[in-house]
Amino acid sequence: INISYKWLDLDSNLRTDIKNNLLSTLGTNNYDLVKLVSACISSITKVEFPLNQWKNIFEVLLNVLNSNKDLMFIRSSLTAIEYI
């Protein structure tokens with residue numbers, strides 16, 4: 001069974017909650033967790049972006065880079081972009 005279909009079968013509100021929680025976790029000081037979250041964000045993006053879903057993920061991550069002074073958040077955003 002293709003994992004992409006399982007993700008897309010989830011309720012859209014649940015998917016949104018999961019994505020928001022992943023994004024908020026990028027600010028953690030645990031870089032191992034950041035790498036895991038970045039991999040999750042990347043996987044979701046690879047499923048949704050071609051379907052014109054989560055179209056603002058790059059904008060969100062770039063906004064974090066431009067508006068945040070917290071070095072861990074900046075590093076985390078760059079890691080997420082790198083994984084994507």
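Q: How much of the protein counts as buried?
A: In this predicted model, 31% of the 84 residues of the protein count as buried.

Q: What is the secondary structure of the protein, and what pattern does it follow along the sequence?
A: There are five helices and zero strands. Read along the sequence, that gives α-α-α-α-α.

Q: How does the radius of gyration of the protein fit with a compact globule?
A: For 84 residues, a compact globule would have a radius of gyration near 12 Å, and the 13 Å of the protein agrees with that.

Q: Let's zoom in. How do I read the packing of two helices?
A: Two packed helices are described by the angle between their axes and the distance between the axes. Here, helix α2 (residues 12–25) and helix α3 (residues 31–48) pack at about 145°, with axes 9 Å apart. The crossing of α2 and α3 is left-handed.

Q: Which residues make that contact?
A: From α2 come R15, K19, L22, L23 and T25, and from α3 come L33, V37, C40, I41, I44 and E48. By class, the contact of α2 with α3 has seven nonpolar, one polar and three charged residues.

Q: Take K19 from that group: is it buried or exposed?
A: Buried means under 20% relative accessible area. K19 has 9%, so K19 is buried.

Q: What is K19 in contact with?
A: Leaving aside neighbours within four places in sequence, K19 touches W7, I44, E48 and W54. Of these, I44 and E48 belong to the α3 side of the helix contact.

How values were computed. Residues numbered from 1 in each chain as written. Predicted model: local features only at pLDDT ≥ 70, side-chain atom pairs only at ≥ 80, totals over all residues. Heavy atoms only, no water. Helix = DSSP H or I, 4+ residues; strand = E, 2+ residues; numbered from the N terminus. Buried < 20%, exposed > 50% of the residue type's maximum accessible area, 1.4 Å probe, protein only. Contact = heavy atoms within 4.5 Å. Axes fitted to C-alpha atoms, helices over the stretch in contact; angles between N-to-C directions. Left-handed = near helix turned anticlockwise from the far one by under 90°. Nonpolar A, V, L, I, M, F, W, Y, C, P; charged D, E, K, R; others polar. Rg over C-alpha atoms; globule rule 2.2 N^0.38 Å.
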